[in-house]
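Take a look at the model below. The report covers the chain contact, the domains and one annotated span.

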Amino acid sequence: MAIDIKMPALSPTMEEGTLAKWLVKEGDTVKSGDIMAEIETDKATMEFEAVDEGTVAKILVAEGTDGVKVGTVIMQLAGEGEEAGEATKDDSPAAQAAADEKKPDTVEDSAHPAQEKVDTGARQLFDAAANKAEVTDPAIPAGTEMVKVTVREALRDAMAEEMRADERVFVMGEEVAQYQGAYKVTQGLLDEFGDKRVIDTPITEYGFAGIGAGAAMGGLKPIVEFMTFNFAMQAIDHIINSAAKTNYMSGGQMRCPIVFRGPNGAASRVGAQHSQNYGPWYASVPGLIVIAPYDAADAKGLLKAAIRSADPVVFLENELLYGRSFEVPKLDDWVLPIGKARIMREGSDVTLVSYSIGVGLALEAAETLAGEGIEAEVIDLRTLRPLDKQTVLTSLAKTNRLVVVEEGWPTCSIASEITAIVMEEGFDDLDAPVLRVTNEDVPLPYAANLEKLALISADKIVKTVRKIV
Amino acid sequence: MAKAPARTPAPAADPQKTNRERPTDPRPYEASKEELLKFYEDMLLIRRFEEKAGQLYGLGLIGGFCHLYIGQEAVAVGLQSALTEADSVITGYRDHGHMLLCGIPPKDVMAELTGRAAGISKGKGGSMHMFSVEHKFYGGHGIVGAQVSLGAGLAFSHKYTNDGGVCLAYFGDGAANQGQVYESFNMAELWKLPIIFVIENNQYAMGTSVNRASSEDQLYRRGESFRIPGLQIDGMDVLAARGAAEEALAWVRAGKGPIILEMKTYRYRGHSMSDPAKYRSRDEVQAVRDKSDPIEHVKKLLTEGHGAKEEDFKAIEQRIRKQVAEAADFAESTPEPDPAELYTDVLVEKY
């Protein structure tokens, strides 16, 4: 009986990959542990090992093929005593089941239309992150050429450009150099800038956050990468007590120009300890700048601004967004102002305020609402501290209704803060209570169905908007 | 939990057999009369300054936490007398003495203690949070152990910019048990950072004696598993401290990486002004004062070896008292910060 060998998922967020190279050919025998192929994921080139023994019956996807979806049958392996040729016309139940497994992406299930494509909570976030701004960022000069760039590359380019421009800028963190970044964000930096400026650290967040802060006090401009912000809790003392407060405590004479950056928020099925949004935590601290971009243009323009800032910056990225491509202006020096929100979509009936990956869902919800005749204005806060209140209040004055969308817990959240600001400064413009769409108030569960229930979705946003419009 | 009592203390200068290169045991510094006089004057300035700060605290002019350096003067005076202008200093919250030795005017420090606009931090830092980038004094940190990682960062910047500087990072026997200290030891040795880790072992972390809190109470050995050599030094002897500084600086400047100096010292006062110090007897304190006072020690050296007379010391005493009195008068009379200062210096830039 032939065995179907499928394109493997080699990371929590891998959707598809490149079949870079076959290391076996048809007719070869393989045994468990043999390396059969090299597969490029969005993060790295991985070796794909055989689990079963047999003879390579047929290679179904040629090497060099891009965009091979996870689960696609890429080869068939004939078991002992089988003719290699038999495998291709295998109708066995196993082969049929394997073929069916590929289908849920495309098959309509009329009984459960909401299930379409969406397997997990992270998946719905990820899919929504394909939504682009409808309104061009006014910061982009008219006629500027736009190029498609992933968020990951945009972040890397921002660092590389600033490192070229300023000798004091360096990057340190776990796996940032030789490994090219745990999430490949620092790819290529070691080659260009060498190990003096791209520094692998031991797994000691508290220590290297302190060393980074001390280096900044000593006159350098460190970029400290946390593999994720979940691990930055080990280091939060230095971010807050050392970096954020020193300028004030020294009467303005001792600065700490440092960027703490890394992925923040829920990833995909990584459970409670690896899925948390720290935006509200850091945004509550005077002395910090907190930035959480959505698309690639903002990631680049704001990271460059963060590196140039004389203040300590917490730069919250999102793992699910790293592989997403967006248009980035092709300019020699694309730098955005810190503290300015952006209108992503114009509308007159309700204002949706969000940031980071929530923006994608807000845009998706706005599309759905438009189909019902409700025009939603979508605001991406971009910077969480200082918060651009004015953009929010101006939009509210136009729409008179406001919903905050946040991939994070509800209690003491950015949503709470926006709600308070609107009560204090926009009360007369309100025709309905401010509502918020946030994650459920629980640690993020692992089970796919529970994770989905816990996270925000476009559907939840639409339902919430319908309550007040 | 009480420490197991059955241990025998290890000999102080255990060479810890190894093939690795080790610093040689430092010799006491051979000071000229002028240098001894300078040590005497510097130590006396710290002592009188701290006594005055204690007084002002009692009068309610200084608030919050105030940690005095009385008794430990020889450590900072001995070590910092060996520094050059390229070197940086960082410490915890018992920081007044180190600041004075960095050349920061006493009145700027005292005015910070009283929370005045003319203070070194414009009155916004207070006793535990004082800095002077100009004098390469980087704090003044209130979180126990934070200055060790930050100090390693300063050393990183010395190395990165190749400015020839060494960071002198002070911390206490209490901080020596903090996790980040060991994270920093590891990276400092791994990257051969130019830093001297100075453990000011004054025997008590607040009210907890070293042997109640430390499984290895010979703190100079705490770097061994990171290959950082350590020396245990008599921190009540300014010449021993200076001698240790010479050896440590030579080691670090030669590119051999960090070194630990455990300075055995003693604070005469409580942990802070609000500490009744019930964890030790008055006799214990008095015995140290009588036998090991660092200032009396130098006074004796000057008298017996260099023919200094009582009137020489009186003249110094008068000069110091005048300087400290002026600083205190200034700190009491100079105005508080303008209310508008509440909102300044939160961020450097405007957004």
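## Annotated span of chain B

Helices are DSSP runs of H or I with at least four residues, and strands are runs of E with at least two. The model itself is predicted.

Residues 42-339 of chain B carry a UniProt annotation from an unreviewed entry, "domain: Dehydrogenase E1 component". Helix makes up 45% of this span. Strand makes up 12%.

## Contact between chains A and B

Chain A brings 37 residues to the contact, and chain B brings 33. On the side of chain B that touches chain A, α5 (146-161) and α6 (179-190) of chain B each supply at least two residues. The largest share comes from α5(B), with 10 residues.

What is the make-up of the side of chain B that touches chain A, in nonpolar, polar and charged residues? There are 15 nonpolar residues, 13 polar and 5 charged.

## Domains of chain A

Chain A is split into domain 1 (2-78), domain 2 (137-329) and domain 3 (342-466). The centres of domain 1 and domain 2 of chain A, taken over C-alpha atoms, lie 35 Å apart.

How many residues of domain 1 of chain A are in contact with domain 2 of chain A? Domain 1 of chain A puts in 5 residues, and these meet 9 residues of domain 2 of chain A. On the domain 1 side of this contact in chain A, 2 residues are nonpolar, 1 is polar and 2 are charged.

Methods
Residues are numbered from 1 along each chain as its sequence is written. Chains are lettered from A and ligands numbered from 1 in the order in which they are written. This is a predicted model: local features need pLDDT of at least 70, side-chain atom pairs count only at pLDDT 80 or more; totals for chains, interfaces and linings use all residues. Two residues are in contact if their C-beta atoms, placed from the backbone, lie within 7 Å. Ala, Val, Leu, Ile, Met, Phe, Trp, Tyr, Cys and Pro count as nonpolar, Asp, Glu, Lys and Arg as charged, and the others, Gly among them, as polar. Domain bounds come from an automatic or database domain assignment. UniProt positions are given in the numbering used here, feature names are shortened, and annotations may be inferred rather than shown by experiment.
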